[in-house]
Amino acid sequence: MLKRLLSRDTKGKVAERAKTTLEASAAAVPDPAPIEPVSAAPAPAPTPAPMPPIARKTKSMRDSDVKDEFGRSAEQLAAEAAKEFDIMGVAARAAGMDERPDRPRKSETTDATSTGEFGVIGASPKPAAVPAVQAAAPVVETVVETVEVAAPSKLSLQDGHILFPAPNPSALEATFDTRDAYWNKVGVSDAELFGYAVCPELKGAPAWPTQRQSFRIVRTENSLIIASEGLSDPFAAFRGPTDVNGFGLEVFIELHQWNKTDADRLRAGWAYKAIEQFARLCAHGDNMLDVLDEHGVLSLDLPSNCVPPEWIVEGIAEPAGALINLPVPPGRSEMTQAPLSPIRVVPLTLIFPEELEDCVVGGVNERRGLANDLLTTGYGHKTDPKRSSLR
């Protein structure tokens, strides 16, 4: 616009007026002041010159060309780390071998440098109380017990039907005959055995050599016997060794002057429950023969339903007990004609609460003393609910 005005001002008045205005404006604007540098904080105290930064590795550089602030390369750093932490020694111990046999043990270090579990850990005096560390654990010889495993037998078939493995029929039949012959010399056996509609084993009771668990009644001239029938059966398949007669024993209780007692009454009475309890104990611990051989006469607690009601004392949880393995008349201690192994016949004799307490407190001497007293008084291994206490 100014140029247009100047071009139209022929007499120079406009140009002179514009010149005057520009000079006045230039005089009104002051000269700029010099700019001084501004700092955020006061200058720090003089410090050493900073270390050169770590060089950034490029594709054309090697690891040895990369330096830290102290001028150490990657190889030098790795070597120093290996001195402080014995990586190879740790790997060797993890593998169970020592690849550095020349390394001094703790007990062999005598200078100021302490050799720790992972190698040299720095200059520190070795504590005097630290015991010497063996370089390698002693070699323990492992003894492997050889277990003989019976060779599997061929399956028995009958017209395509698999027969389940069973005891040797001849050995089982011979065992029945052996028990019959033994008890027929003692008295007269009842025709029927005490059995179970459902095998007690299926209800959680200890397993017998077979699922046949039963008891027989034998009547003598002046006593009655309830004896187990089946603890000495040959073992069925997968239950035990096939070359022995089961647990190798049968147990019985002999009641004085009970030979006329009805079988049904016996089945519901305390005497049957007592011998049933003892038979299950023998089946539960199949080492009863070893225990008898070691201790001779044993004592046993019995629950209240296994003793005569007149023997129960108020306030006593286990009112009475029994002695096991008292001597029997000659010829009655064992079934020697068993087909696979001898069968021992073990009696159960009930005793009074005070007699049981003396046996528990007095130990083996008291048990033998009570057994001798029962023999000398004529009771012997028999249980007589009407007898008096001997203690």
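Which residue lies over the face of Trp258, and at what distance from the ring centre? In this model, which is a predicted one, the residue is Arg265, placed 5.9 Å from the centre of that ring.

Take Tyr182 and Trp183: their ring centres are 4.8 Å apart and their planes stand at 85 degrees, so we call the pair edge-to-face. Tyr182 is buried, with a relative accessible area of 9%, and Trp183 is buried too, at 0%. Phe215 and Tyr272 also form an edge-to-face pair, with 5.4 Å from centre to centre and 80 degrees between the planes. This pair links distant parts of the chain, because Phe215 belongs to strand β6 and Tyr272 to helix α7, 57 residues apart. Phe215 and Tyr272 are, together with Phe194 and Trp208, members of one aromatic cluster.

In soluble globular proteins, nonpolar side chains tend to be buried together. Here the largest nonpolar core has 39 residues, and those with the most contacts inside it include Ile226, Leu231 and Phe278. Several strands and helices each supply at least two of its residues, among them β6, β8 and α8, while the largest share, 9 residues, comes from α7. If you look at Leu231, you will find that it touches, among others, Trp208, Phe247 and Cys282. Apart from this core lies another, of 12 residues, including Tyr182 and Val186.

Note on methods: Residues are numbered from 1 along each chain as its sequence is written. This is a predicted model: local features need pLDDT of at least 70, side-chain atom pairs count only at pLDDT 80 or more; totals for chains, interfaces and linings use all residues. Side-chain values use heavy atoms; hydrogens and water are left out. A nonpolar core is a set of buried Ala, Val, Leu, Ile, Met, Phe, Trp, Tyr and Cys residues joined through side-chain atoms within 4.5 Å. Buried means under 20% relative accessible area, exposed over 50%, partly exposed in between (1.4 Å probe, protein chains only). Helices (H or I, at least four residues) and strands (E, at least two) are DSSP runs, numbered from the N terminus. Contact means heavy atoms within 4.5 Å. Rings of Phe, Tyr and Trp (its six-membered ring) pair if their centres lie within 6.5 Å; planes under 30 degrees apart count as stacked, over 60 as edge-to-face and the rest as tilted. A charge sits over a ring if NZ of Lys or CZ of Arg is within 6 Å of the ring centre and within 35 degrees of the ring normal. Lists of a residue's contacts leave out its neighbours within four places in sequence.
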